[in-house]
Amino acid sequence: MLGFLVRLLPFWVREPLIILVGTVFGVRILYMALVDGEGWVPAVIGAVFLLGAALRVRVVVHALRARRRPAPEADEVTEPAPSVPVAPAPVKPAVRRPAEKKPNAFAQAFFAIGLFAVIGGALWIEGKLPEDGTAATGASRPAACRLDEDEKLPAAYRSAPEAVIGADLCRALNRPELPELLGTPTERSVYASGTDNTAPLTDRKVAQPEARVEFETYTVELSATYNKLTVAQYAKLTRYADDRDARNLTVLGRPALLTSDHMMKIQFDLGSGEGASGPVEQGPLARTLTVALDGKDRGGSYDLTVWSESGLLPEDGVLVDIAEAVLPEIARGTRDQD
């Protein structure tokens with residue numbers, strides 16, 4: 001329907017419009033492919049758009065040349081003098097100008113069909129090829145991190161120069177081998193994000209960036225808290241809370257602590273009458289590995305938390321393996337590491 005409406009436009013309106021749209025789309029898609037790293041399929045689609053625009057430019061150039069070409073002047077006929085009879089001059093055959101070549105409707109239709117065939121074939125081929133070479137090993141390409149780039153960084157981050165941001169945590173956590181470390185190598189991450197939060201009940205004075213990666217089976221969160229609480233002090237608090245699942249251990253040469261706690265589930269009743277009786281419920285059990293920011297345990301920690309909606313939890317060694325793979329990749333700012 002859109003193509004039919006476009007063909008109803010005058011030639012000198014339709015062709016520049018097609019050239020403009022094709023050029024804009026082609027340049028934008030090529031930019032996404034080459035700069036944003038979207039892959040080779042957008043690059044092919046952008047090249048096809050630019051090729052189509054170039055062909056339309058060629059048609060317009062031929063039409064302009066045909067319009068500017070001067071028409072042949074008619075032969076001047078000299079009238080004979082009335083007193084002297086003159087034999088009629090032989091009539092010259094009329095010179096026919098070559099007919100102006102108009103854009104071929106069949107060629108345009110064939111070009112449109114070929115364009116859609118190329119795009120469809122490229123998408124089909126992409127679905128058959130391995131994703132970044134990980135299909136052969138069963139791992140999947142991680143989802144891209146969603147970041148709060150438009151939000152202003154809280155003042156707590158400026159007062160703590162060693163603090164990383166949510167983007168750093170998400171890049172470190174959102175690794176291609178994360179599904180394999182979790183024991184679910186065939187799963188694909190469906191969501192990944194990084195946020196620049198502050199710790200609760202601190203009047204926004206303590207930086208606490210967070211990152212989350214979600215799979216069908218597990219959800220993994222990684223946060224960094226830049227306060228004065230040491231892991232040793234936190235371990236004493238867990239004894240008072242009678243956490244029987246708490247375990248002290250060492251990860252990357254730093255004090256660490258394994259704890260268990262239930263997530264908090266919040267539901268909102270919008271007046272339909274089908275909501276829960278209370279806005280807050282106890283969520284699934286989660287396992288958290290808390291690791292000191294440095295070997296001397298001078299305050300602050302990384303918290304790696306794993307849980308699933310089914311209540312299934314991985315073994316404690318899985319959290320240790322993830323921490324040993326992720327924490328060395330985090331940009332640590334100016335903090336001295338031991």
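Why is strand β8 (residues 301–307) largely enclosed by the rest of the structure? In this strand, 7 of the 7 residues are buried, so the rest of the structure largely encloses β8; buried means under 20% relative accessible area, exposed over 50% and partly exposed in between, with a 1.4 Å probe and protein chains only. Strands (E, at least two residues) and helices (H or I, at least four) are DSSP runs numbered from the N terminus. The model is predicted: local features need pLDDT of at least 70 and side-chain atom pairs pLDDT 80 or more, whereas totals for chains, interfaces and linings use all residues. Residues are numbered from 1 along each chain as its sequence is written, and side-chain values use heavy atoms, leaving out hydrogens and water.

From β8, Ser301, Asp303, Thr305 and Trp307 point one way, and Tyr302, Leu304 and Val306 the other. Strand β4 (residues 219–225) runs antiparallel to β8 and is joined to it by 7 bridges; two strands pair if DSSP finds at least two bridges between them. Thr219 has Trp307 as its bridge partner in β8.

Thr288 belongs to strand β7 (residues 280–292) and counts as buried at 16% relative accessibility. Its side chain makes a polar contact of 3.0 Å with that of Thr305 (N or O atoms within 3.5 Å, one able to donate a hydrogen and the other to accept it; residues adjacent in sequence count only if both atoms are side-chain atoms).

Salt bridges, in which a side-chain nitrogen of Lys or Arg is within 4 Å of a carboxyl oxygen of Asp or Glu, number 7. Arg212 and Glu221 form one at 2.5 Å, N to O, and a network of salt bridges links Arg212, Glu214 and Glu221.
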